[in-house]
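Trainee: I have just opened this one and could use a guided look. Could you walk me through it?
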Amino acid sequence: MFLLNSCKPAGQGSGGGSTLAGDAAQKVYVAPGTHDEFYDFVSGGFNGQMSVVGLPSGRVLRIIPVFTQHAESGWGYSEETKPMLNTSHGFVPWDDAHHTTLSVTNGEHDGRWAFINGNNTPRIARISLKSFRTEEIIELPNSGGNHSSPFVTFNSEYAVAGTRFSVPPDNFGDVPINTFKQNFKGYISFVSIDKTTGNLALKFQLTTPAISYDLARGGKGPSKDWIFFSSYNTEQANTLLEVNASQKDKDFILAVNWKKAEEYLAKGKGKKVPAKYAHNVYSDVTHSATSTIMTDVMTLDPKDCPDMLYFIPCPKSPHGCDVDPTGQYIIGSGKLAAVIPVFSFAKLQKAIADKKFDGSFEGIPVMDYNAVLHGEVQKPGLGPLHTEFDGKGNAYTSMFVSSEIVKWNIEKLTVLDRVPTYYSVGHLSIPGGPTTKPWGKYVIAYNKITKDRYLPTGPELTQSAQLYDITGEKMKLLLDFPTIGEPHYAEAIPASMIKDKTIKLYKIEENKHPYVAKGEKETKVTRNGKDVHVYMTSSRSHFAPDNIEGVKLGDDVYFHVTNLEQDWDVPHGFAVRGANNAEILVMPGETQTLKWKADRIGITPFYCTDFCSALHQEMQGYIRVSAPNSNVPLTWHTGKTAMKEADDKSQK
Ligand code: K7E
Ligand code: CUA
């Protein structure tokens, strides 16, 4: 095949030169002291986090901890953040995060929130684009493998989530695996997003046939009331899917009229069923998270809801399912297909009205393929996966097997250009590519394999992305840059939309943490049985208190550290020898808590981990642990020889 050799160019760094733009260095150069034009929010894959990358430089600006504990900031280790990782299974400190989605209003980026999926223990997270922190995580019941998630509707009414692994409903009990067809279901969750606060709620789930949902996209413009899901395993196999789920010539794209679903709910067609899932919310006021276990969910059975769901046949085991900026075209990417099918939303509506069906699947009408097809892109390349858009009528599809990006015209279905990727490209991302108003300029390829592109680093090589200029007719490779974790999808937004809204600090007078000390005068140490609470403050360059005595062997000591600083970029860290968790990194005006077990008699030091001032190295202290039966009184101080003793009030 014509480009097969691009999968395996020989030799170090070969092939890159042929497509490299002559002025590449200049185009990605961001001079010292100046800023990147775009923020790129990149999923971390199996590292469970999101990273923030500047474009066009490819420089990593930040890792936002989401589903995985992050020792650097104490995420998932501090007492305040542990509840964020709570689930119906208890504490789950890892996940596999594939898709970043930015919030939209009228189909355009609005710069408010980012969302990302937890694939393994089904969850959706919401991240604030003001604080670059995870503010909310909601678990999804009745699901297994939250892969086609979280994709938003036209005004971010919902983040949707289709299950990759169909499973029996959570409360179904014990059934044999080979009762897949009878007992398993493919749940699709609709998580509503509050317009003002962004707060998430699991509004309803659709109980659809047991197949595997893979990806999804919300409609736009004419199709804004709809959302589309690609699927595979319509064979309904429960073993050796590699073979058994590739039998049929066509699988489906599921078209969901979510407005209709809302109508059916309003008419009382929904059924509340028991379900157990966690809903975790972080507060910037208490600087703490709460986890609530929810106990039921509203479900809609398609049997009670005609005209809500339609299957569109799509060749063969589709992966990506993308909607163009006009909302008129739906593009399926069959990994094993020889063509890229483009479906017309207008034709879908007409075919539904004319009842142009090709049978049904478990009661859901299957559309006639030719009646809804706009056309097929012929010989696009091998292994089409994902498609992005430049807003000028062009689509860009990643080809996993032939390792290339193919640019084609949506109306005419003609291939316009192709460039190699190094190697095995997964998702593509164009800034604003999934919106009605793509910002264009670049396409970024997120690759699965780097082989010889970087210096070797032992058995595990870096993951990588590549940046291409798409301002001209031909795509031009500008830059390779390594990524954090295995990148899947990413979304980029102009920096100007969010950079001036960034939160610089938390106001100390607004701090409602139950263990806050709003000044050194409020610092103290209290005992409640075996729990010792240290109300501590940090400021350049000391802790108050920095000498603590009267702690006994076996006590649990809670260091509640309030950072009194009210300047931007002055965090203080806190670490104590032998702590079984991590450090905490406390932002100005914030309180965070490190729990420490007094496991031996003697003196233990603690210190600030963040180089905060010229006297950072002096920012340290001691805690004394005495025998359980000792009568050393509970005392504390900073800078005085006499220790302050706990009075009766604080002792109780
Ligand atoms: Cu194609 Cu998980 Cu979006 Cu990766 S998925 S590539
Ligand atoms: Cu505070 Cu270093």
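**Aromatic pairs and other contacts**

Mentor: The structure, which is a predicted model, holds 26 aromatic pairs.

Trainee: How are the rings of tyrosine 158 and phenylalanine 190 arranged?

Mentor: Their centres are 5.5 Å apart and their planes stand at 85 degrees, so the pair is edge-to-face. The pair links distant parts of the chain, since tyrosine 158 belongs to strand E11 (residues 158–162) and phenylalanine 190 to strand E12 (residues 186–193), 32 residues apart.

Trainee: And are those two buried or exposed?

Mentor: Tyrosine 158 and phenylalanine 190 are both buried. Tyrosine 158 also pairs with phenylalanine 204, and there the ring centres lie 5.8 Å apart with the planes at 80 degrees, so this pair is edge-to-face. Because tyrosine 158 is in strand E11 and phenylalanine 204 in strand E13 (residues 200–208), the pair ties together parts that are 46 residues apart in sequence.

Trainee: What is the relative accessibility of tyrosine 158, and what about phenylalanine 204?

Mentor: Tyrosine 158 has 5% relative accessibility, so it counts as buried, and phenylalanine 204 is buried with a relative accessible area of 0%.

Trainee: Which residues form an aromatic cluster?

Mentor: One aromatic cluster is formed by Trp226, Phe228, Tyr310, Phe345 and Phe357.

Trainee: Where does the charged end of lysine 250 sit?

Mentor: The charged end of lysine 250 sits over the ring of tyrosine 369, at 4.5 Å from the ring's centre. In another contact, arginine 453 lies over the face of tyrosine 422, 4.1 Å from the ring centre.

Trainee: Where are serine 403 and lysine 451 placed?

Mentor: Serine 403 is in the loop between strand E27 (394–399) and strand E28 (404–409), and at 1% relative accessibility it counts as buried. Lysine 451 is in the loop between strand E31 (442–447) and strand E32 (463–469), and with a relative accessible area of 37% lysine 451 is partly exposed.

Trainee: Switching to the ligand, what surrounds ligand 1?

Mentor: The residues around ligand 1 are His98, His99, His147, Leu215, His319, His386, Gly426, His427, Lys448 and His488. By class, that shell has 1 nonpolar, 8 polar and 1 charged residues, and ligand 1 sits in the second largest pocket.

Trainee: Last one, where is leucine 206?

Mentor: Leucine 206 is in strand E13, and at 0% relative accessibility leucine 206 counts as buried. Leucine 206 and valine 256 are 50 residues apart in sequence, and their C-alpha atoms are 9.7 Å apart in space.

How values were computed. Residues are numbered from 1 along each chain as its sequence is written. Chains are lettered from A and ligands numbered from 1 in the order in which they are written. This is a predicted model: local features need pLDDT of at least 70, side-chain atom pairs count only at pLDDT 80 or more; totals for chains, interfaces and linings use all residues. Side-chain values use heavy atoms; hydrogens and water are left out. A residue is near a molecule or strand if one of its heavy atoms lies within 4 Å of it. On a 1 Å grid over the protein atoms alone, a cavity is a set of points where a 1.4 Å probe fits but cannot get out, and a pocket is an open set with protein on both sides within 12 Å along at least five of seven lines; lining residues have an atom within 4 Å of a point. A molecule sits in a cavity or pocket if more than half of its atoms lie within 2 Å of its grid points. Ala, Val, Leu, Ile, Met, Phe, Trp, Tyr, Cys and Pro count as nonpolar, Asp, Glu, Lys and Arg as charged, and the others, Gly among them, as polar. Rings of Phe, Tyr and Trp (its six-membered ring) pair if their centres lie within 6.5 Å; planes under 30 degrees apart count as stacked, over 60 as edge-to-face and the rest as tilted. Helices (H or I, at least four residues) and strands (E, at least two) are DSSP runs, numbered from the N terminus. Buried means under 20% relative accessible area, exposed over 50%, partly exposed in between (1.4 Å probe, protein chains only). A charge sits over a ring if NZ of Lys or CZ of Arg is within 6 Å of the ring centre and within 35 degrees of the ring normal.
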